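Subject: Handover of a predicted protein structure

Dear colleague,

Please find below the sequence and structure that I am passing on to you. I would ask you to keep them open while you read the notes that come after.

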Amino acid sequence: MKKLVSIGLTVVIVAAIACFGIKMFSDAGYYYTQIDNSKVEEVESKGGVIDFTGGMSYSYELAAYNEKGKEKTVKFGTEKELKEGAFLCLTVKPVQGVVDWKEVQYDELPAEVQSNYTAPQK
């Protein structure tokens with residue numbers, strides 16, 4: 001009987017770990033930010049050592065907001081300095097951080113995000 005309980009408990013633990021692992025590596029959230037080049041840092045090559053920027057030349061650390069307006073500080077690397085004032089939609093995964101980004105227009109930002117930024121003058 002103890003062996004059966006032990007096997008059952010092991011199955012439950014393995015299933016929980018598998019579900020958590022799948023969720024942790026697959027659930028992506030979207031955050032929106034505006035480029036502020038006063039907060040960019042040029043990253044020197046580490047001579048083959050892998051760092052959080054993935055070998056990128058520039059590192060940004062910016063406030064970003066999800067579609068509900070919840071703020072989160074994000075850190076990501078780029079190969080070049082980005083356009084001052086540009087709005088980005090960031091794909092953020094729980095363990096990996098920012099895995100992708102694309103430039104978007106102000107009017108493409110969710111309303112809760114727009115409330116954190118000033119609309120650009122046309």
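**Basis of the model**

This is a predicted model, in which local features need pLDDT of at least 70 and side-chain atom pairs count only at pLDDT 80 or more, whereas totals for chains, interfaces and linings use all residues. Residues are numbered from 1 along each chain as its sequence is written, and side-chain values use heavy atoms, with hydrogens and water left out.

The term pLDDT stands for the predictor's confidence in each residue, from 0 to 100. Its mean for the protein is 81, and 69% of the residues reach 70 or more. Over residues 21-26, pLDDT stays under 50. Where pLDDT is low, the predicted coordinates should not be read in detail.

**Overall make-up**

The protein has two helices and six strands; helices (H or I, at least four residues) and strands (E, at least two) are DSSP runs, numbered from the N terminus. Starting at the N terminus, the order of the elements is α-β-β-β-β-β-β-α.

Of the 122 residues in the protein, 30% are buried. Here, buried means under 20% relative accessible area, exposed means over 50%, and partly exposed lies in between (1.4 Å probe, protein chains only). The protein exposes about 8,700 Å², of which carbon and sulfur atoms supply 55%; accessible areas come from the Shrake-Rupley method with a 1.4 Å probe, and for residues only the protein chains shown count as cover.

A contact means heavy atoms within 4.5 Å. Among contacts between residues at least 6 apart in sequence, 47% join residues at least 24 apart.

**The cores**

In soluble globular proteins, nonpolar side chains tend to be buried together. A nonpolar core is a set of buried Ala, Val, Leu, Ile, Met, Phe, Trp, Tyr and Cys residues joined through side-chain atoms within 4.5 Å. The largest such core has 15 residues, and those that touch the most other members are Ile 35, Tyr 60, Val 74, Phe 76 and Leu 90. Strand S3 (58-66), S4 and strand S5 (87-93) are the elements that give two or more residues to this core, and S3 gives the most, with four residues. A second, separate core of nine residues includes Tyr 32, Tyr 65, Val 113 and Tyr 117.

The C-alpha atoms of Phe 76 and Leu 90 are separated by 9.5 Å, and the two residues are 14 apart along the chain. With neighbours within four places set aside, the contacts of Leu 90 include Tyr 31, Ala 64, Val 74 and Phe 76.

Thr 78 is also placed in strand S4. Thr 78 is buried, with a relative accessible area of 3%, and its contacts beyond four places in sequence are Met 56, Ser 57, Tyr 58, Tyr 60 and Trp 101.

**Salt bridges**

A salt bridge is a side-chain nitrogen of Lys or Arg within 4 Å of a carboxyl oxygen of Asp or Glu. The count comes to two.

- Lys 75 pairs with Glu 61, with the closest N and O atoms 3.9 Å apart. Lys 75 lies in strand S4 and Glu 61 in strand S3, so the pair ties together parts that are 14 residues apart in sequence. Lys 75 is partly exposed at 43%, and Glu 61 is partly exposed at 41%.
- Glu 103 pairs with Lys 83, with the closest N and O atoms 3.2 Å apart. Glu 103 is in strand S6 (residues 97-104) and Lys 83 in the loop between S4 and S5, 20 residues apart. Glu 103 is partly exposed at 42%, whereas Lys 83 counts as exposed at 55%.

**Aromatic pairs**Rings of Phe, Tyr and Trp (its six-membered ring) pair if their centres lie within 6.5 Å; planes under 30 degrees apart count as stacked, over 60 as edge-to-face and the rest as tilted. The whole structure holds four aromatic pairs. Tyr 65 and Tyr 117 form one that is edge-to-face, at 5.7 Å centre to centre and 85 degrees between the planes. Tyr 65 lies in strand S3 and Tyr 117 in the segment after helix H2 (111-114), so the pair ties together parts that are 52 residues apart in sequence. Tyr 65, Phe 87, Tyr 106 and Tyr 117 form one aromatic cluster.

Yours sincerely
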